[in-house]
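Hi everyone, thanks for coming.

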Amino acid sequence: MASADAELAAGAIFYSIDILLDELFEDVETLADAPNAAQCDGVLLQLEGLPPQFAHLQTPLFARKLLVTAVDLTGRLCRPGFSQLSSVAEELLLRLLLETTEATLDIHDLLNDGVQEALGSFRENVYEYLDHEWLYDPAMDGIDQAPAAALLGVAPMSVDDWFAPFNASRPVHPYAAGSATDEETGEE
């Protein structure tokens with residue numbers, strides 16, 4: 001991988017942060033009058049990239065918490081010293097950011113093998129585990145509830161757990177803490 005490819009990949013990630021955040025803002029607005037993403041009549045730009053079996057739990061509150069988490073994550077990504085993701089929500093958001101980055105590079109005919117290798121290297125270094133990918137595989141539903149899951153260090157995978165910090169040394173934004181699905185009761 002050439003340094004030019006790594007620089008292009010890094011620049012594309014940085015550029016795609018604006019796209020991700022703008023589209024999440026649009027999703028929050030689109031979802032504002034719907035009970036959840038599954039019942040939303042509008043087009044959701046980034047929320048549609050989340051595991052579809054959870055769309056009925058993606059409420060307006062969930063979308064706002066995801067947006068705040070995205071702002072927090074992308075701000076940390078742009079500062080020196082970024083080291084680890086803090087929650088399943090951040091893992092999923094990084095996945096959305098990388099998909100947006102690849103699409104942006106592809107649209108501009110810049111997604112060559114070297115850039116793909118650089119993005120792959122970034123992916124390998126930033127993700128500690130790939131548990132969040134199981135959310136996209138219906139065959140893995142409930143894997144976090146298996147008796148061996150805790151022993152293997154599998155993160156809890158319910159939607160409410162997506163915003164919970166992996167541990168005390170990796171805090172999440174205070175707005176994102178608490179339930180993301182208790183919209184009707186006003187609890188957060």
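Let's start at Glu-128, which is partly exposed, with a relative accessible area of 41%. On that scale, buried means under 20% relative accessible area, exposed means over 50%, and partly exposed is in between, using a 1.4 Å probe and protein chains only.

Quick housekeeping. This is a predicted model, where local features need pLDDT of at least 70 and side-chain atom pairs count only at pLDDT 80 or more, while totals for chains, interfaces and linings use all residues. Residues are numbered from 1 along each chain as its sequence is written, and side-chain values use heavy atoms, with hydrogens and water left out.

So who does Glu-128 pair with? Its side chain meets that of Arg-170 in a salt bridge, 2.7 Å from N to O. By salt bridge I mean a side-chain nitrogen of Lys or Arg within 4 Å of a carboxyl oxygen of Asp or Glu. Arg-170 sits in the segment after helix H5 (149-152), and Glu-128 in the loop between helix H4 (113-126) and H5, so this pair ties together parts 42 residues apart in sequence. Helices here are DSSP runs of H or I, at least four residues, numbered from the N terminus. Arg-170 is buried, by the way, at 9% relative accessible area.

How many salt bridges are there in the whole structure? The search finds six. Among them, some share partners, and those join Asp-72, Arg-76 and Glu-90 into one network. Arg-76 meets Asp-72 at 3.3 Å, N to O; both lie in helix H2, four residues apart, about one turn of the helix. Arg-76 also bridges to Glu-90, with the closest N and O atoms 2.8 Å apart. Glu-90 belongs to helix H3 (residues 88-107) and Arg-76 to H2, so that bridge links parts 14 residues apart in sequence. Arg-76 counts as buried at 17% relative accessibility, and so does Glu-90 at 1%.

Last stop: H2 and its neighbour H1. The axes of H1 (residues 3-31) and H2 (residues 60-77) come within 9 Å and cross at roughly 165°. Those axes are lines fitted to C-alpha atoms over the stretch in contact, with angles from 0 to 180 degrees between N-to-C directions. The two helices are therefore roughly antiparallel, which is the word for angles over 145 degrees. As for residues that meet, with heavy atoms within 4.5 Å, H1 brings several, including Leu-24 and Phe-25, and H2 brings others, including Leu-67 and Ala-70.

How values were computed. Parallel < 35°, antiparallel > 145°, perpendicular 65-115°, else oblique.
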